[in-house]
Number of protein chains: 4
Amino acid sequence: MDQLSHESGCHHESGHGYLDHKDEYLRRLKRIEGQARGLQRMVDEEQYCIDILTQVSAMTKALESVALAMLEEHLSHCVVRAARAGGEEADTKIKEASEAIARLVRS
Amino acid sequence: MDQLSHESGCHHESGHGYLDHKDEYLRRLKRIEGQARGLQRMVDEEQYCIDILTQVSAMTKALESVALAMLEEHLSHCVVRAARAGGEEADTKIKEASEAIARLVRS
Amino acid sequence: MDQLSHESGCHHESGHGYLDHKDEYLRRLKRIEGQARGLQRMVDEEQYCIDILTQVSAMTKALESVALAMLEEHLSHCVVRAARAGGEEADTKIKEASEAIARLVRS
Amino acid sequence: MDQLSHESGCHHESGHGYLDHKDEYLRRLKRIEGQARGLQRMVDEEQYCIDILTQVSAMTKALESVALAMLEEHLSHCVVRAARAGGEEADTKIKEASEAIARLVRS
């Protein structure tokens with residue numbers, strides 16, 4: 001990732017998109033960290049595999065929701081800003097966002 | 001879907017994003033239609049379930065690739081155009097694209 | 001795929017699991033084929049990309065449902081039969097089913 | 001989850017399937033917990049959203065791998081055992097496993 005290239009499309013001083021909700025993301029990721037610890041406790045206590053798998057699915061869904069929220073903010077801030085600035089930056093941002101979307105869809 | 005609302009952000013006269021590659025999309029979807037017919041033949045011939053499931057996964061991947069290509073073109077054409085036009089249209093387009101991404105990630 | 005190896009665990013004469021519902025699978029796959037044709041018509045008529053993506057998601061979900069139903073029948077027929085027969089066949093079947101599940105989860 | 005019902009198919013004394021690899025699962029989940037903490041640090045340091053999304057995809061894939069490994073062991077231990085024991089227990093186990101697979105495929 002070229003730091004300069006994305007800085008020009010998504011200036012640090014004006015904030016990355018998700019920073020408006022930084023505390024909310026930290027809170028959600030903290031809860032996901034708690035879910036990872038809960039899974040370790042379940043394995044350690046030798047709980048039933050199907051119950052563990054149910055918790056893994058819940059944790060995956062929580063992670064996906066964080067990713068989708070972050071992606072929407074990225075599109076509405078960084079991508080829109082790059083589109084307005086014009087030039088190649090918009091293409092770079094769209095390509096980069098599309099690759100991130102493909103990774104989410106395929107994971 | 002409000003026809004007027006997206007028309008203003010993605011004018012018909014200038015073409016929907018994917019139209020540059022209309023023939024390629026039609027060709028890919030034709031092949032996917034063929035995969036659906038191939039699956040019927042496999043079921044009809046009572047082929048082994050695991051082999052059928054392998055073909056279902058291949059078909060799902062082909063569909064996902066079409067969706068991701070179409071989404072990238074939508075972002076680089078309609079969304080960029082709406083962002084440049086300014087106003088509420090950009091927000092509407094981003095929200096709409098984000099919902100489509102969420103449906104793809106969750107399907 | 002070794003024909004003999006799975007035949008021994010899932011005898012043709014007793015039917016592959018999904019055959020109890022062969023007509024239902026054929027009907028569902030026919031409908032999915034129709035969805036693939038509907039998508040071609042939408043692209044041909046240059047309909048709005050987001051509306052096309054919504055149909056792609058619906059079609060992906062329909063395919064997934066077919067796969068999950070077929071997998072459940074495979075587990076309750078072929079895998080259970082192999083488990084009862086004992087020997088290495090059960091291990092082979094479980095490994096094969098697990099690989100199919102992994103392909104579905106990752107597609 | 002009826003404790004008695006799954007105990008009869010997957011006796012505690014003979015161990016849940018995944019217990020053979022309990023330490024490995026604990027180690028993998030510990031690393032996933034570390035990834036959740038790494039994500040919080042990235043958000044806190046206001047790193048670039050796309051880089052954060054890349055880490056979210058990696059974490060989702062790690063979780064999926066744990067789930068698939070656990071499911072395979074569940075099938076080869078608890079489900080095979082229930083199939084051999086015969087009776088309704090096998091049906092219950094297959095139904096339960098199929099629902100867990102559906103949750104994984106759809107998450």
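Colleague: What makes Arg37(A) and Glu33(D) a salt bridge?

Modeller: The term requires a side-chain nitrogen of Lys or Arg within 4 Å of a carboxyl oxygen of Asp or Glu, and in Arg37(A) and Glu33(D) the closest N and O atoms are 3.1 Å apart, so the pair qualifies under that rule. Across the interface of chain D and chain A the rule finds five salt bridges. This is a predicted model, in which local features need pLDDT of at least 70 and side-chain atom pairs count only at pLDDT 80 or more, while totals for chains, interfaces and linings use all residues. Side-chain values use heavy atoms, without hydrogens and water, residues are numbered from 1 along each chain as its sequence is written, and chains are lettered from A and ligands numbered from 1 in the order in which they are written.

Colleague: How many residues does the contact take from chain D and from chain A?

Modeller: With contact meaning heavy atoms within 4.5 Å, the count is 49 residues from chain D and 49 residues from chain A.

Colleague: Why are the two copies said to be related as by a two-fold rotation axis?

Modeller: When copies are superposed by least squares on the C-alpha atoms of residues with pLDDT of at least 70 in both, a rotation of 180 degrees with 0.0 Å of shift along its axis brings chain D onto chain A, at RMSD 0.0 Å. The two copies are therefore related as by a two-fold rotation axis. In chain D, the C-alpha nearest that axis belongs to Glu33(D), 2.7 Å from it.
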